[in-house]
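Biologist: Please show me how to read a structural model, one feature at a time.

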Amino acid sequence: MKTQAIHIKDYSEQNKIEMVDFYNEATEDYEFWSNDYNMHFGYFIPFKTNPFKRDSMLNQMNSQVLKRLKIGKAKNRLVDLGCGMGGTMRHALKLHKNIIAYGVTLSGFQVQQGNELLKGKNGIILKENYNNTSFQSNSFDSAVAIESFCHSGHGENTLRETHRILKPGGRLVIADAFLKKDKTKLCKGGKYSYNKLCNHWSLEKLETHTFIKQKLKALGFKDIKVEDASFRVAPSVLHVPFAITGFILKKLLNFKSIKKESLHNLKGSFYALLSGLHMKSFGYYIISATK
Ligand SMILES: C[S@@+](CC[C@H](N)C(=O)[O-])C[C@H]1O[C@@H](n2cnc3c(N)ncnc32)[C@H](O)[C@@H]1O
């Protein structure tokens, strides 16, 4: 039992090291995915968002997540747990003048470049681990996590730390891919794409959305709402093959080589698309709750 615990800890440490290296080297590639450096999938609303304009869907995802935070008129301290280049923070600061935004990431590149993009705005990115931050307990009104908790396998520690730093009455919104059934019950194709996806995007694992709901409840969260947004997200996932082809062509036409981290990332995007096609096994969910 003890050896197994050590093994899991080693795996988790190794995954973290690979993940930081991956984001330090491959974050700049995301400019190709999003002019605003949104490092997530989008949200499509018929007749409102243009399915051919990726950034409008990616920013709509930001808007959907922020809407669920129910930010009022009073001063609001927001934390983005796994903030990337701060795309969601900048979107939030544009929409709400009463926000002060903090972002955390483990990537030094994202801290440096993300803070450049935030210059003159009411926000800052810190190099912190969302599983164990230095923030005071009960200090935030809002917390968001878009496609970031998957890197720690949607673990209980992550949710417990989020609960600790939120004020009573504070809101949490998570947008991420989840399993629809336990991984032991995935079909052969589902298991294959799941393993490849985790490996290429340095995801410790994905949890089921039912597990998250139970854990949030056990930690004391209330008003827990789990929304299946898979069909809203699908149009932006379908951009993946075109984005990959465009990225490679641009590099080739400029006689530039492609870094190994970039290739790893591109393959990860392809496995995300492949996983998404296993609709009985994977789904994209927006989960909101109140402390
Ligand atoms: C796919 S990116 C998403 C970024 C951002 N949420 C967005 O949507 O643009 C995942 C982010 O999670 C961060 N991350 C992963 N594990 C983390 C951890 N343990 N602590 C802090 N940040 C973490 C990565 O550094 C990266 O910024």
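Biologist: Which helices and strands are included in what covers the buried residues of H4?

Modeller: First, this is a predicted model, in which local features need pLDDT of at least 70 and side-chain atom pairs count only at pLDDT 80 or more, while totals for chains, interfaces and linings use all residues. Residues are numbered from 1 along each chain as its sequence is written. Helices (H or I, at least four residues) and strands (E, at least two) are DSSP runs, numbered from the N terminus. A residue is buried if 20 or more other C-beta atoms, placed from the backbone, lie within 10 Å of its own, exposed if 12 or fewer do, and partly exposed in between. In helix H4 (residues 87–95), the residues Gly 87, Thr 88, Met 89, Arg 90, His 91 and Ala 92 are buried. Their cover includes helices H3 (54–67) and H5 (108–117), together with strands E1 (76–81), E2 (99–105), E3 (123–127) and E4 (140–146).

Biologist: At what angle do the axes of H3 and H4 cross?

Modeller: Two packed helices are described by the angle between their axes and the distance between the axes. Axes are lines fitted to C-alpha atoms, for helices over the stretch in contact, and angles run from 0 to 180 degrees between N-to-C directions. For H3 and H4, the axes cross at roughly 65 degrees and come within 10 Å. H3 is therefore roughly perpendicular to H4; that class covers 65 to 115 degrees, with under 35 roughly parallel, over 145 roughly antiparallel and the rest oblique.

Biologist: Which residues of H3 and H4 make the contact?

Modeller: Residues are in contact if their C-beta atoms, placed from the backbone, lie within 7 Å. H3 supplies Asn 59, Asn 62, Val 65 and Leu 66, and H4 supplies Gly 87, Thr 88, His 91, Ala 92 and Leu 95. Four of the residues in this contact are nonpolar, five polar and none charged. Here Ala, Val, Leu, Ile, Met, Phe, Trp, Tyr, Cys and Pro count as nonpolar, Asp, Glu, Lys and Arg as charged, and the others, Gly among them, as polar.

Biologist: How far apart are the axes of H7 and H11?

Modeller: Helix H7 (residues 188–200) and H11 have axes 8 Å apart and pack at about 150 degrees, so H7 is roughly antiparallel to H11. H7 passes H11 in a left-handed crossing. Ser 193, Tyr 194, Lys 196, Leu 197 and His 200 of H7 meet H11 residues including His 264, Gly 268 and Tyr 271.

Biologist: Why does Ser 269 count as buried?

Modeller: Ser 269 lies in helix H11 (residues 260–277). Ser 269 counts as buried because it has 20 C-beta neighbours inside 10 Å. Beyond its neighbours within four places in sequence, Ser 269 is in contact with Val 240 and Ile 244.

Biologist: Which residues come nearest to the ligand?

Modeller: A residue is near a molecule if its C-beta atom, placed from the backbone, lies within 6 Å of it. Of the 23 residues around the ligand, Met 39, His 40, Gly 82, Gly 84 and Ser 148 come nearest. Helix H1 (2–26), H4 and E2 each give two or more residues to this shell. The shell divides into eight nonpolar, 14 polar and one charged.

Notes. Two residues are in contact if their C-beta atoms, placed from the backbone, lie within 7 Å. A crossing is left-handed if the near helix is turned anticlockwise from the far one by less than a right angle, and right-handed if clockwise.
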